[in-house]
Amino acid sequence: MSEEPIPVMTPQRQAEREKLYQLMIELAYPASREVALLELSKKNDPDLAPMLWNSFGTSYTLLQEVVNVYPFISNPILKANQSNRVCYALTLLQCVAAHPGTRPAFLRGQIPVYVYPFISTTFKSKPFEQLRLNSLGVIGALVETDDTEAISFLLSSEVVPLCLSNMLKGSKLTKSAAIKIIEKILLNKTGLSYICETHDRFARVATTLGKMTIRMMKYPCFRVLKRVVRCYLLITENELGRSALRVCLPDPLRDGTFSSAMQHDPCAKQWLKTLLKNLESRAPAVMLQVVESPQDS
């Protein structure tokens, strides 16, 4: 049997690779670190995550950038340059979290918990919003591919309450990022069972979704509304969750309040229709597979 030929790296590709290595070397030196962080965060190279994770000292440097800003997040006056710099590091950590080759080691190192302090902040200024959004991006990268190991880690580290809190505060982007994580957790069988397993867990999720629904009557955001509906729909695939939702689903989702908002999105209309059908019936919930439109991914 003949061996497969080893791919030949083009001169351009070789030059790009050398540039990445040079930037990672520059990360090691405080004087050149900020520029290197910025330049690396702009890269979209498929090999960047393994290179970051496997190069000596780079992961430590990224975590150092994250930890260095901890003393400043208890003060509402966080400087933009402080936030920007740590956001560059968070972008690179998100890259590592998203890559299937580095995600398992990323989880074993418990790296996600380093971003939890940023998700827990409550100050409304733009630097804090950027920190929360980029930190949620790291968590979102872990749940994007329905990785049960990642879901189990996040559940054990109590990420759900943090996301629920962010669903009720911050910008529309932050709320959307947080509810998308909850949606991805509910899409996973382990995640769905976990949330519906106890009254307290279910109540936290259902109460937050209910508050969001009521608020959207005054402050509409269709992108968020659509994810709220899907989260409710996913809960109906669990028998305990479906039974509880029969008595606590918000009336605005039952009485046509949001009909006009959904009339131009067949996907959202079908989700709401199936949700209500599942709650009316005592039969097993209807499993609905609908491909999301690109703008909602």
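A crossing of two helices is called left-handed if the near helix is turned anticlockwise from the far one by less than a right angle. In this predicted model, helix α10 passes α11 in such a left-handed crossing. Helix α10 spans residues 159–167 and helix α11 residues 172–187; they pack at an angle of about 140°, with their axes 8 Å apart. On the α10 side, the contact is made by Val159, Val160, Cys163, Leu164, Asn166 and Met167, and these meet residues of α11 including Ala178, Ile179, Ile182 and Ile185. By class, the contact of α10 with α11 has 10 nonpolar, two polar and one charged residues.

The cysteines can be considered next. A disulfide requires a pair of cysteine sulfur atoms within 2.5 Å, and the count comes to zero disulfides. For Cys231, the nearest cysteine sulfur is that of Cys163, 11 Å away. Cys231 counts as buried because its relative accessibility is 0%. The sulfur of Cys267 is 13 Å from the closest cysteine sulfur, in Cys231, and is therefore too far for a bond. Cys267 also counts as buried, at 9% relative accessibility.

Aromatic rings form three pairs in the model. The ring centres of Tyr70 and Phe118 are 5.7 Å apart and the planes lie at 65°, so this pair is edge-to-face. Because Tyr70 lies in the loop between α4 and α5 and Phe118 in helix α7, the pair ties together parts that are 48 residues apart in sequence. Tyr70 is partly exposed, at 26% relative accessibility, whereas Phe118 is buried, at 0%. Phe123 and Phe128 form a tilted pair, with 5.0 Å centre to centre and 55° between the planes. Here Phe123 is partly exposed, with a relative accessible area of 26%, and Phe128 is buried, at 0% relative accessibility.

Note on methods. Residues are numbered from 1 along each chain as its sequence is written. This is a predicted model: local features need pLDDT of at least 70, side-chain atom pairs count only at pLDDT 80 or more; totals for chains, interfaces and linings use all residues. Side-chain values use heavy atoms; hydrogens and water are left out. Axes are lines fitted to C-alpha atoms, for helices over the stretch in contact, and angles run from 0 to 180 degrees between N-to-C directions. Helices (H or I, at least four residues) and strands (E, at least two) are DSSP runs, numbered from the N terminus. Contact means heavy atoms within 4.5 Å. Ala, Val, Leu, Ile, Met, Phe, Trp, Tyr, Cys and Pro count as nonpolar, Asp, Glu, Lys and Arg as charged, and the others, Gly among them, as polar. Buried means under 20% relative accessible area, exposed over 50%, partly exposed in between (1.4 Å probe, protein chains only). Rings of Phe, Tyr and Trp (its six-membered ring) pair if their centres lie within 6.5 Å; planes under 30 degrees apart count as stacked, over 60 as edge-to-face and the rest as tilted.
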